[in-house]
Amino acid sequence: MTARAGRFISFEGIDGAGKSSHIERVSEWLRERGHEVVQTREPGGTPLAELLREAVLHRPMDTLTETLLVFAARRDHLAQVIEPALARGSMVVCDRFTDASFAYQGGGRGLDAQVLASLETWVQQGRQPDLTIWIDLPATIAAQRRAAVRAPDRFEEQDLPFFERVRAGYAARAAQAPGRFARIDALGGIDQVWHRICAVLESRACW
Ligand code: TYD
């Protein structure tokens, strides 16, 4: 365990951008520097939140229900895992966080951003990631990468315009918080993308 303050890193991007393959490497990069790392995901990260994830990904529901479940999962995740980990000085590496709600429920599904902003305030009590690594890829290319992989869930089965709106949702959030967001161009090979992520980590010099 480290005496330094905990840090909260989130990963974002449209489905198929290749985010998952880099999360493990970032956790390893941090462990090599002596940190305790809690690697987790949203929706999910606690037994209750994983139950909610299963419903959100596979059961039919309207957009507001979906949003409330995602934020309920987030509340449990923050209280049970994220806040305690940060309090003991750990690094929290989280596969998606609230920017995904703005991008998917807001951009993709068209939910009012003010509703999302209210939920964000209520649920997070000021907590935000210290760094958000946004793995960005055009929706057409992400769709090609997704096609080969597996049976789609309720989000992955959406059409190209949906993912273009999700991507635009991420771009809008990044523009609102440029100091927190690092946009990573996901075009190119996995090692090329990794080097771009590494450059961002090294440039922050807060590890
Ligand atoms: P994802 O993170 O891509 O996991 P996997 O790699 O196992 O598919 O899947 C989670 C899905 O949940 C993704 O399609 C985006 C969606 N999602 C939302 O719609 N809103 C949210 O707030 C979060 C956290 C995720």
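Glu66 is buried in the predicted model, with a relative accessible area of 0%, where buried means under 20% relative accessible area, exposed means over 50%, and partly exposed lies in between (1.4 Å probe, protein chains only). The residue has its place in helix α3, helices being DSSP runs of H or I with at least four residues and strands being runs of E with at least two, both numbered from the N terminus. When neighbours within four places in sequence are left aside, Glu66 is in contact with Val56, Met61, Gln105, Arg109, Arg154 and Phe155, a contact being defined by heavy atoms within 4.5 Å. With one of these partners, Arg154, the side chain of Glu66 forms a salt bridge (2.9 Å, N to O), a term that requires a side-chain nitrogen of Lys or Arg within 4 Å of a carboxyl oxygen of Asp or Glu. Because Glu66 lies in helix α3 and Arg154 in the loop between α6 (139-147) and α7 (160-176), the pair ties together parts that are 88 residues apart in sequence. Arg154 is likewise buried, with a relative accessible area of 11%.

Because the model is predicted, local features need pLDDT of at least 70 and side-chain atom pairs count only at pLDDT 80 or more, whereas totals for chains, interfaces and linings use all residues. Residues are numbered from 1 along each chain as its sequence is written, and side-chain values use heavy atoms, with hydrogens and water left out.

Two packed helices are described by the angle between their axes and the distance between the axes. For helix α3 (residues 63-87) and helix α4 (residues 98-108), the axes come within 11 Å and cross at roughly 175°, the axes being lines fitted to C-alpha atoms over the stretch in contact and the angles running from 0 to 180 degrees between N-to-C directions. The two helices α3 and α4 are therefore roughly antiparallel to each other, a description used for angles over 145 degrees, while those under 35 count as roughly parallel, 65 to 115 as roughly perpendicular and the rest as oblique. On the α3 side, Thr63, Glu66, Thr67, Val70, Phe71 and Arg74 meet Thr98, Ser101 and Gln105 of α4. The residues of this contact divide into 2 nonpolar, 5 polar and 2 charged.

In total, the structure holds 17 salt bridges. One of them joins the side chains of Arg96 and Glu12 (3.9 Å, N to O), and this pair links distant parts of the chain, with Arg96 in the loop between β3 (91-95) and α4 and Glu12 in strand β1 (residues 7-12), 84 residues apart. Both Arg96 and Glu12 are buried. A salt bridge is also formed by Arg31 with Glu28, whose closest N and O atoms are 3.7 Å apart; these two residues are 3 residues apart in helix α1 (residues 19-32) and so are separated by about one helical turn. Arg31 is partly exposed, with a relative accessible area of 36%, and Glu28 is partly exposed at 38%. Asp99, Glu120, Arg173 and Arg180 are linked in a network of salt bridges.

The largest nonpolar core has 41 residues, such a core being a set of buried Ala, Val, Leu, Ile, Met, Phe, Trp, Tyr and Cys residues joined through side-chain atoms within 4.5 Å. Its largest share, 6 residues, comes from helix α8 (residues 190-204). A second, separate core of 16 residues includes Val81, Leu86, Phe102 and Leu116.

Terms used: Ala, Val, Leu, Ile, Met, Phe, Trp, Tyr, Cys and Pro count as nonpolar, Asp, Glu, Lys and Arg as charged, and the others, Gly among them, as polar.
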